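Biologist: I am new to this structure and would like a close look at a single part. Please take me through the salt bridges and the places they connect.

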Amino acid sequence: MAQKPELDRVDRALLRALSANARASGAALAAEVGVAESTVSLRLRRLQSLGTVRGYRVDVDLASLGVSLQALIAVRLVKHDRSEIDAFRAQVPHLPGVLGVFHMAGAEDYLLHVAARDAEELREFVLAHLTGHPAVAHTETNLIFEHVDGDGWNRLVG
């Protein structure tokens with residue numbers, strides 16, 4: 001198991017500032033955290049190399065692209081053969097419309113967060129990529145009426 005990196009007050013303040021605005025300049029981050037801009041640059045590189053900061057992403061409004069439907073699809077595998085699990089896990093994140101993949105404990109093996117333009121496109125996704133997949137025994141699709149991002153992880157920063 002990888003050793004957990006030690007994060008000090010500056011690292012944690014930097015993470016909180018980035019969570020509020022990941023596009024903030026080095027100067028703005030330095031002013032908010034109360035350190036030199038060079039310190040911000042060094043700390044960011046360190047946090048990235050440790051894997052604490054995994055990347056910076058754009059948050060796209062899918063509805064503005066005509067993608068108005070989202071679903072959570074529970075997937076149960078035929079058997080728990082390591083090679084089939086690994087193959088399924090390697091393929092699924094790259095299927096069209098997949099926003100996230102969760103490997104689960106419990107009755108279902110995977111939970112897929114999927115976006116589609118409409119019900120027909122969602123149906124086609126399930127038929128083309130899941131029900132015919134040799135590793136998949138069962139799927140159950142749940143439509144998402146509303147999604148709200150949580151920010152509770154900020155409290156875990158300390």
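Modeller: A salt bridge is counted here when a side-chain nitrogen of Lys or Arg lies within 4 Å of a carboxyl oxygen of Asp or Glu. The model is predicted. In helix α5 (residues 119-131), Glu120 and Arg123 form such a bridge, with their closest N and O atoms 3.9 Å apart. Because Glu120 and Arg123 are three residues apart in that helix, about one helical turn separates them. Glu120 is partly exposed, with a relative accessible area of 46%, and Arg123 is also partly exposed, at 47%.

Salt bridges that share partners also join Asp8, Asp11, Arg43 and Arg46 into one network. Within it, Asp11 pairs with Arg46, and the closest N and O atoms are 3.0 Å apart. Asp11 belongs to helix α1 (residues 9-20) and Arg46 to helix α3 (residues 37-50), so this pair ties together parts that are 35 residues apart in sequence. Asp11 is buried, with a relative accessible area of 1%, whereas Arg46 is partly exposed at 32%.

Another bridge links Arg76 and Glu108, whose closest N and O atoms are 3.0 Å apart. Arg76 sits in strand β1 (residues 69-77) and Glu108 in the loop between β2 (98-103) and β3 (110-116), so the pair ties together parts that are 32 residues apart in sequence. Arg76 counts as partly exposed, at 33% relative accessibility, while Glu108 is buried, at 18%.

How values were computed: Residues are numbered from 1 along each chain as its sequence is written. This is a predicted model: local features need pLDDT of at least 70, side-chain atom pairs count only at pLDDT 80 or more; totals for chains, interfaces and linings use all residues. Side-chain values use heavy atoms; hydrogens and water are left out. Helices (H or I, at least four residues) and strands (E, at least two) are DSSP runs, numbered from the N terminus. Buried means under 20% relative accessible area, exposed over 50%, partly exposed in between (1.4 Å probe, protein chains only).
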